[in-house]
Protein chains: 2
Amino acid sequence: MNFTDAEQLASQLDASDTLASLRGQFDIPDGIVYFDGNSLGPLTYRSREVLTRTIEFEWRERLIRSWNEDWLAMPARIGNVLAPIIGASPNTVTVCDNTSINVHKALMSAVALRPDRTEIVIDINNFPTDIYIAQSVADQNNLTLIAVPADRIIESISERTAVVTATHVDYRSAQLLDAEGITLAAHSHGALVVWDLAHTAGAVPFDVTALDVDFAVGCGYKYLNGGPGAPAFIYVAPRLLDTASQPLQGWWGHEFPFEFETSFRPAVGIDRYLTGTANVLSMKSLEAALEIFSGVSMVELRAKSQSLTTFFIDLFDAFLAEKGFSLGTPRDPESRGSHVALGFAGGKALVETMAEQGVIADFRPPDLMRFGCAPLYNSHMDIVHLVKMLAAR
Amino acid sequence: MNFTDAEQLASQLDASDTLASLRGQFDIPDGIVYFDGNSLGPLTYRSREVLTRTIEFEWRERLIRSWNEDWLAMPARIGNVLAPIIGASPNTVTVCDNTSINVHKALMSAVALRPDRTEIVIDINNFPTDIYIAQSVADQNNLTLIAVPADRIIESISERTAVVTATHVDYRSAQLLDAEGITLAAHSHGALVVWDLAHTAGAVPFDVTALDVDFAVGCGYKYLNGGPGAPAFIYVAPRLLDTASQPLQGWWGHEFPFEFETSFRPAVGIDRYLTGTANVLSMKSLEAALEIFSGVSMVELRAKSQSLTTFFIDLFDAFLAEKGFSLGTPRDPESRGSHVALGFAGGKALVETMAEQGVIADFRPPDLMRFGCAPLYNSHMDIVHLVKMLAAR
């Protein structure tokens, strides 16, 4: 294969891409090829439109009245828009705070539901904030944190385990964890699970209902395109919603926040996972960006994502494997998420050089370049462009 | 006094108002008289300008690069802009999350610093979220929550007290609590204090350094005008910064977040109070709005605020006292914050009717109308307009 062949192939694949028209919803600057949607999704036209209305009409003109007219309903409303993306039923997802804080809520809830257990099991390669938060939850509850590689999670679960937590898509390798196996193993020992869907939601199918997951959390600013620092989400299984509690019990989680009662009574349902005032601008931007998903099936999204990453790996084999790059992502498309990682000595400098030339990716120490292949806006031709630049470094 | 007298007086007071020109920084719609800055500050021209740049340049164009170019530095940078407003020294304030979450962090920190104590003392009339959070912190640590009226706080502090917490300005009455007396009493018994400055910051002077306060928190969207759901702030006394810890230890509070270490090491200084990714849009909007304070002395601000509330109470006496309204705010200007509360049966409906006529206030059950007198943009003539409408109801 030479690059002419690659371009021809990319053209064919892009021509038969049923999601190709969605690229038009994103305002990506001319001259930019963007491979960092796994870190920060780009601006959508719809987010800009909604933000303008939020600033000019809801804030400037309606002022405090917008709380009753719109904003108070945001967390539940946006949660319900997000729910189908992770297979959740209505009124089981809410949108608030950031992922770290929601991991804390979920783990504290889980531990409180399993008061006689003594251990938390976590993937040792989990995103660090999950590990830091889990360590704190373990310390606060006199539990032991058992941190093991993903392939040893199942054997580490026992009748001592209160909760098992892991991120579905490894943030470095894009390795997909065995969500079904781990969840089943946890439940078979009477433990609960908390899945972090930061690199899943919006790019990789996940069905919290079919998997009978207890808690899930995730991030609004990656493949969901909510904008920088968009709020996170939290899912709680409906069978737990009546009994679960979480310690960040602020007024937004009260049954009647505007009665200003002096005693806390948890709201019915998922609202009890709210704490304080929502950051409206970021919430509205996320809500707008989520509209793109309304006509998209997760099956189509997954097929496009796999087509992009498979094409990338084919070009890696043809053009990069013998030039000092190593593949850091599983070859089996069923075992990987939506980014491709390449090991490369000097990857940090290369990512910076490429950005100056309009191709944006990111870097994770010590030597991993990450390329998010976002099925909503990346094309196969984007990948040819990227691999050409990598091959020419 | 009749309304012609009142208008003449208002004109004179407004003519000699050295802060009057600051009203021009706010884009308040024509026909609106706004008395709810104690709940949601209005849009500033500068916030709009910065939000536009954040959306169009930093997000759309620079994309992920903006984290290094600007956003990672936001919490510390904005904390330092906010610090002088509460008398804090540099690098002791950071901006993040919401007030409820920061109350949790501060109380958990305080309790951990006083492991042998058994009680938390709180103002029973504190804003409910503070009470809910304090109750949860007490429950988690097997402490007793002692909730008493403000005038019984000092006598309730003992060698059993781990921490005392209260809001400086009562959210209903605008009563100023005795911050100096309560802080001294706490310290004399070896207890710590957490002051909530939600209705203080930006309208009422408070000097965390002179008062030797341990922790303070507050809100970005009231008198600081950061926009709906703007992030909150947290102050920690420099003498505590090396030893204090908080349980929401996410990656943003790590010494080296981008080293992705598997063990948590708290950042040096106030950064350890961060948890996860900041909501950029709301942070930038707050940062822009804070610019207004750079040329304003807290002494001037307080004088204007007291002039507004005193004038309001004078007009209350002249026009409202005999029409079913009762004054819910202290008459002594040294004992009140920056809003005036009026009791009125049917206040909820009246607030709604007035909003339709362009005068915006808010309501707290069971019968309290609240009127925020924001020294940055309210005028004495605004108050005449308001009182006329109230008198004519």
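In chain B, strand β12(B) and strand β13 (residues 368–372) pair in the antiparallel sense over three bridges, where two strands count as paired if DSSP finds at least two bridges between them, and where strands (E, at least two residues) and helices (H or I, at least four) are DSSP runs numbered from the N terminus. Within this pairing, F363(B) has M369(B) of β13(B) as its bridge partner. The two strands belong to an open sheet of four strands in chain B, with the order β9-β10-β13-β12 and antiparallel pairing; its edge strands, each pairing on one side only, are β9 (326–327) and β12 (362–364).

This is a predicted model, in which local features need pLDDT of at least 70 and side-chain atom pairs count only at pLDDT 80 or more, while totals for chains, interfaces and linings use all residues. Residues are numbered from 1 along each chain as its sequence is written, and chains are lettered from A and ligands numbered from 1 in the order in which they are written.

Turning to chain A, an automatic or database domain assignment, the source of the domain bounds, divides the chain into domain 1 (3–30 + 296–391) and domain 2 (50–295). The C-alpha centres of these two domains of chain A lie 29 Å apart. Contact between them involves 22 residues of domain 1 and 15 residues of domain 2, two residues being in contact if their C-beta atoms, placed from the backbone, lie within 7 Å. On the domain 1 side, the elements giving two or more residues are α10 (298–320) and β10 (339–343) of chain A, and α10(A) provides the largest share, four residues.

The contact between the chains takes 62 residues from chain A and 63 residues from chain B. On the chain A side, at least two residues each are supplied by α2 (45–61), α5 (99–113), α6 (128–140), α9 (280–290) and β12 (362–364) of chain A, and the largest share, eight residues, comes from α6(A).

Finally, the largest nonpolar core has 264 residues, of which L107(A), I120(A), L107(B) and I120(B) touch the most other members. Such a core is a set of buried Ala, Val, Leu, Ile, Met, Phe, Trp, Tyr and Cys residues joined through C-beta atoms within 7 Å, a residue being buried if 20 or more other C-beta atoms lie within 10 Å of its own, exposed if 12 or fewer, and partly exposed in between. Leaving aside residues up to four places away in sequence, I120(B) touches several residues of chain B, including L107(B), A134(B), V137(B), L145(B) and V163(B).
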